[in-house]
Amino acid sequence: MTTLFITLVTALLFDRLLGEPRRAHPLIAFGRLVQWLEARLYAGNAFVWGQRLRGGLAVVLLLAPLTILVWFISQGHEIALLVNVLILYLAIGARSLVEHACQVRDALLEKNMPLARTRTGYLVSRDTAKMNTQDMARATIESTLENGCDALFAPLFWFLIAGAPGVLFYRLANTLDAMWGYKTSRYRDFGWAAARLDDVLNFIPARLTAFSYACTGKFVSAIHCWSTQAGECASPNAGPVMAAGAGALSLQLGGPAVYHGQAQDRPQLGTGSLPEADDIDQAVNLLRRSLGLWLALLTLVWGGLQFA
Amino acid sequence: MLEHGGKLRHAAQRYGIALDQWMDLSTGLNPQAWPVCDIPTSAWARLPEDEDSLIEIAQHYYGAANCLPVAGSQAAIQILPRLYTQHKNTLRVGMLTLAYAEHAHAWQSAGFKLILLAADEIETWLNQLDILLVVNPNNPTGHTFESAQLLNWHQQLSARGGSLIVDEAFMDPTPEKSLTPYTAQKGFVVLRSLGKFFGLAGARVGFVFAEPGWLDRLTELLGPWPISGPSRMIAAAALEDRIWQADMRKKLQRQGQRLAHLLTDNGLPVSGGTALFQWVETAQAESVHQQLARQAILTRLFTQPRSLRFGLPADEQQWHRLERALIELDYTDEGSDSLCEVAGR
């Protein structure tokens, strides 16, 4: 437990001090590998389950060898600690998440709409061309809340449960979902396995994230929004996170947005006022407080075990 | 005032063809400009602030700490010689014989005597120069200098208190060849522009890179608010849009090659070029220029040497129109009217 605790705190410190590696992030190399394998396993004319099977095989081929390799390395003694820290550090992207959100906020406060649009475009896949200040603040807050799970709490959770192999497995599965998990004609079946795996892996972390947002924000309103609004969301895991986050912040999130030129009707989430640029800070602070809560609880457990 | 490309109204009157019929290939500006959208009223109503995001974004994009935004690189080109005028009788300034003409014009107007050199003569003449000014990639020839060579020249010049000035207006499609990261050194000046690659020539935004003390003197000469608030906003957003940039670099490389092939295949072999323009040396430059102009296609004509510069067509329809016009060219046509006016320098 002590090693686990030290590794976790060191990796978080690395992230805080260094941010994401600007050059040569290993996930880019993994992305190339994914494309390479996709070109070989994707069948243009396969039946639904044939295509799903191919997608599933791709997931196994991509995840299993790397996870087993990391499991072997993390069993060793000398370099294991270093490797564990490195993998967890690479799996979390808290600082870059906060930086991106704050950059949108700065552009909005400067009232530089073209710049704010460009920066919002880095965070969300929806069309930014016709967004106003509130739309951009809303998109940024949604992205912050959702990525708080994907890029911070879920990796921490899987690291605590299964160490470096666990967090690696989660991060790679999450990347596969980002590349294949779309309901387009190309990926509906091929990406099916990746999307389901991501749903399963995020099930508990998403709810822990949602609960953390509730505990460190407006608790009653967060729980109310979670229980009444989360079910209307298309995604089983983004629903609780966004609904609880919106409730914790007392902001109205969700609602219609334009993706790839097509308007999509999304459920309304949260309560209270529409978000403004300043509210991006509130979302970032909620994320920080939630991380504080996790660290405090971990310290308590670790301290308790020392005495026991 | 020197003549430049882009004088479409003039051509429209001269050839009696309505303005909206023209395809303007005379400039080397990207016709697929970065998409500017709404500018808030406050940007027009307030004085621009130096503390906005522009500098930080520019530092990141250009990989250089010391940068000064100016109203297009032209503003810098014009004022640069004034930083040296107290030594105008002793400083020996070398530049390319055939390059963007505003440089020579600015230094000559400030009273400097120039040593005009071909690209391959610079090496031999370098020890006789105090200031060397090159355009890289060169406009209109497309000649690109090796970074190592320019760095070596800078070392030789700065060792005796001289300067290297590099105009990198067409560098954005090949950022790895830019020398902006070296401009913290004494006697190293680089100019950049948002007009070409980003296609934002109307915004009038450029940057000067040099050591801080030198930039301070330039800032003094330019005075406060050298560029407008809306232009600062657009520049910041365009420089930050890395997705658009990466996509555009690929597109422009393809289009530049396509243009080179199209010209070469139709009897106009290119002598050089960049992703944004191609340069054709031909004895029939004047005639070709006129024949294309009669088809409402405006190119940039140079008389010394006789040559033409072609920018990129804006869309597939224009590509086809250019191809048809090139196929129909008559190389026995002598050309008629006086060209001094169109040609400039």
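Predicted model: local features only at pLDDT ≥ 70, side-chain atom pairs only at ≥ 80, totals over all residues.
How many bridges join S12(B) to strand S13 of chain B, and in which direction do the two strands run?

S12(B) and strand S13, residues 306-311 of chain B, are joined by four bridges and run antiparallel. One of the pairs can be named: B:Thr303 has B:Arg306 as its bridge partner in S13(B). These strands belong to an open sheet of four strands in chain B, with the order S9-S10-S13-S12 and antiparallel pairing. At its edges are strand S9, residues 272-273, and strand S12, residues 300-303, each of which pairs on one side only.

Let me turn to the domains. Chain B is divided into domain 1, which covers 8-33 and 244-343, and domain 2, which covers 41-240. Their C-alpha centres lie 27 Å apart. To the contact between them, domain 1 of chain B contributes 20 residues and domain 2 of chain B contributes 15 residues. On the side of domain 1 that touches domain 2, the elements giving two or more residues are helix H10 (242-265), S9, strand S10 (277-281) and S13 of chain B.

I now move to a second pair of strands in chain B. Strand S3, residues 93-96, and strand S4, residues 114-117, run parallel and are joined by four bridges. Between them the chain passes through helix H5 of chain B, residues 102-109, in a β-α-β crossover that is right-handed. Within this pair of strands, B:Gly94 has B:Ile115 in S4(B) as its bridge partner.

Both of those residues are contacts of B:Leu129. Where is B:Leu129 placed? B:Leu129 is in the loop between helix H6 (122-125) and strand S5 (131-135) of chain B. Is B:Leu129 buried or exposed? B:Leu129 is buried, because 23 other C-beta atoms lie within 10 Å, and 20 or more is the cut-off for that term. Leaving aside neighbours within four places in sequence, the contacts of B:Leu129 are B:Arg92, B:Gly94, B:Ile115, B:Leu157 and B:Gly162. By contrast, 18 Å separates the C-alpha atoms of B:Leu129 and B:His105, which are 24 residues apart along the chain.

Next, the nonpolar core. The largest one has 176 residues, and those with the most contacts inside it are A:Leu88, A:Ala244 and B:Val208. Helix H7 of chain A, residues 133-180, supplies the largest share of this core, 23 residues. The core also draws at least three residues from each of domain 1 and domain 2 of chain B. Among the residues that B:Val208 touches, not counting those up to four places away in sequence, are B:Cys67, B:Leu68, B:Val70 and B:Leu191.

I close with the contact between the chains. Chain A gives twelve residues and chain B gives 14 residues. On the side of chain A that touches chain B, helix H5 (94-109) and helix H6 (113-123) of chain A are the elements that give two or more residues. H6(A) gives the most to that side, with six residues. The residues on this side of chain A divide into five nonpolar, two polar and five charged.

Definitions and conventions: Residues numbered from 1 in each chain as written. Chains lettered and ligands numbered in written order. Buried ≥ 20, exposed ≤ 12 C-beta atoms within 10 Å, placed from the backbone. Contact = placed C-beta atoms within 7 Å. Pairing = 2+ DSSP bridges. Right-handed = clockwise from strand over helix to strand, strands pointing away. Core = buried A, V, L, I, M, F, W, Y, C linked by C-beta atoms within 7 Å. Domains from an automatic or database assignment. Nonpolar A, V, L, I, M, F, W, Y, C, P; charged D, E, K, R; others polar.
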